Amino acid sequence: MTRSQILQALMQELGALHAEPLSRHTFVQVGGPADWFIVIRDRDALIDTIRAAHCAETTLTILGAGSNVLIRDGGLRGVVLKNESRDCRQIGETTFEVDSGARFAALARSTARAGLTGLEWAAGIPGAIGGGLPTNAGAYGSDLSDVLVAISTIAPNGESEIFTADELGLAYRDSKLRSGELQGHIATSLTFQLQRGDVYASLAEIDRVEALRKTNAPTGPSLGSTFKNPASDTRTAGQLIDEAGLKGHRIGAAQVSELHANYILNVDVGNARATDFLDLIAHVQNRVEGRFGIRLQPEIAVIGEEPADGE
Ligand SMILES: Cc1cc2nc3c(=O)[nH]c(=O)nc-3n(C[C@H](O)[C@H](O)[C@H](O)COP(=O)(O)OP(=O)(O)OC[C@H]3O[C@@H](n4cnc5c(N)ncnc54)[C@H](O)[C@@H]3O)c2cc1C
């Protein structure tokens, strides 16, 4: 049997879907097909599938909620794994190990209900905690680095490794998983240290955070905050885009939000293509650079292949 036949047999046994459109699995509802697409619901299956892909020498891409990626129209080769492994294990009075597919919003609420404080800021983030690691996800002045103790990973060579939070190079929307020597490591679980708190105060703070988002940020399919705030200016990316006169600017299905200029919306879901978003991103970067001399850098990860000619 060739490696590709072994992979095909393995994927069929695991119930993987062939040529699955990734637009069904990203928040912005854009993205070409995955060769093989599989949903994983527990940590052992996650580890086994990563190792199987490694043995079959195929490319593997992990997604959580797909809320921080723009996948090109040519899609992704190899195996795409959607991580819905969400168990949570208490390992100390205020310390928890949580599977990397757990969603921020659910974790913020469940820890608050358990009388623990420290994750309220994360209540409105639509993604998974593992997907938030490469960018050190954060909001309202807090981020993962404030509560993270350690992570367990599978390295690109298939080996299990543990890293303390200090070893991850967590910085503003960056880490060694995104742009350093830990690229390619897949987090299987994250260990958090929270504090004893007041249930009602934490739940009230979560309500406040959620209400703020409803007022200040659009709902519906979008890339969320598309660009990082620049280090070289006191203005946010959203303020620069607004001052460049780009609110409402549209290319195909991609439109700069009128409400929050750093959000790029999908305003024509059925016909949207990643190229619309890539073209609008480039237009925003060029216009802001032309006006203010600042090249905005994407916060989102742009992954996948260009479509073949004529598609
Ligand atoms: C409306 C909206 C609001 C948002 N608000 C915020 C906000 O306030 N603050 C903020 O920081 N972000 C925000 N985001 C971005 C996003 O929700 C977070 O970054 C989130 O944590 C990403 O998780 P995900 O599961 O969706 O990741 P995905 O988009 O699925 O993946 C993102 C990247 O992480 C990689 N990845 C996924 N899982 C793992 C893993 N287990 N190990 C290693 N790498 C992995 C993927 O391969 C990909 O490169 C927002 C997005 C939207 C659409």
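These are my notebook entries on a predicted model.

**Entry: the overall layout**

I started with the domains. The protein splits into domain 1 (3-83), domain 2 (88-214) and domain 3 (219-301). I then checked the spacing of two of them: the C-alpha centres of domain 2 and domain 3 are 26 Å apart.

**Entry: around the ligand**

How many residues surround the ligand? I got 31, and the closest are Gly64, Gly127, Gly130, Gly131 and Gly224. Next I looked up which elements give two or more residues to this shell, and they are β3 (60-63), α4 (129-132), β9 (138-139), β13 (186-193) and β15 (222-225). I also sorted the shell by class: 16 residues are nonpolar, 15 are polar and none is charged.

**Entry: two helices side by side**

I picked helix α3 (residues 104-113) and helix α6 (residues 199-216). Their axes are 8 Å apart, and they pack at an angle of about 160°. Are they roughly parallel or roughly antiparallel? An angle over 145 degrees counts as roughly antiparallel, so α3 is roughly antiparallel to α6. For the contact, α3 brings Ala108, Arg109, Ala112 and Arg113, while α6 brings Val199, Ser202, Leu203 and Ile206. By class, that contact has 5 nonpolar, 1 polar and 2 charged residues.

**Entry: Leu7**

Leu7 sits in helix α1 (residues 3-13). Is Leu7 buried or exposed? I found 22 other C-beta atoms within 10 Å, and 20 or more is the mark for buried, so Leu7 is buried. Leaving out residues up to four places away in sequence, Leu7 touches Ala56 and Thr58. Thr58 is 51 residues from Leu7 along the chain, yet their C-alpha atoms are separated by 8.0 Å.

**Entry: two positive phi values**

I went looking for positive phi in residues other than glycine. Gln29 has a phi near 60°, and I located Gln29 in the loop between β1 (17-21) and β2 (33-40). Why does Gln29 count as partly exposed? Because Gln29 has 19 C-beta neighbours inside 10 Å, and buried would take 20 or more.

Tyr140 also went in my list: its phi is positive, about 55°, and it is not a glycine. Tyr140 lies in the loop between β9 and β10 (142-143). I counted 15 C-beta neighbours inside 10 Å for Tyr140, so Tyr140 is partly exposed.

Methods. Residues are numbered from 1 along each chain as its sequence is written. This is a predicted model: local features need pLDDT of at least 70, side-chain atom pairs count only at pLDDT 80 or more; totals for chains, interfaces and linings use all residues. A residue is near a molecule or strand if its C-beta atom, placed from the backbone, lies within 6 Å of it. Helices (H or I, at least four residues) and strands (E, at least two) are DSSP runs, numbered from the N terminus. Ala, Val, Leu, Ile, Met, Phe, Trp, Tyr, Cys and Pro count as nonpolar, Asp, Glu, Lys and Arg as charged, and the others, Gly among them, as polar. A residue is buried if 20 or more other C-beta atoms lie within 10 Å of its own, exposed if 12 or fewer, and partly exposed in between; C-beta atoms are placed from the backbone. Domain bounds come from an automatic or database domain assignment. Axes are lines fitted to C-alpha atoms, for helices over the stretch in contact, and angles run from 0 to 180 degrees between N-to-C directions. Angles under 35 degrees count as roughly parallel, over 145 as roughly antiparallel, 65 to 115 as roughly perpendicular and the rest as oblique. Two residues are in contact if their C-beta atoms, placed from the backbone, lie within 7 Å.
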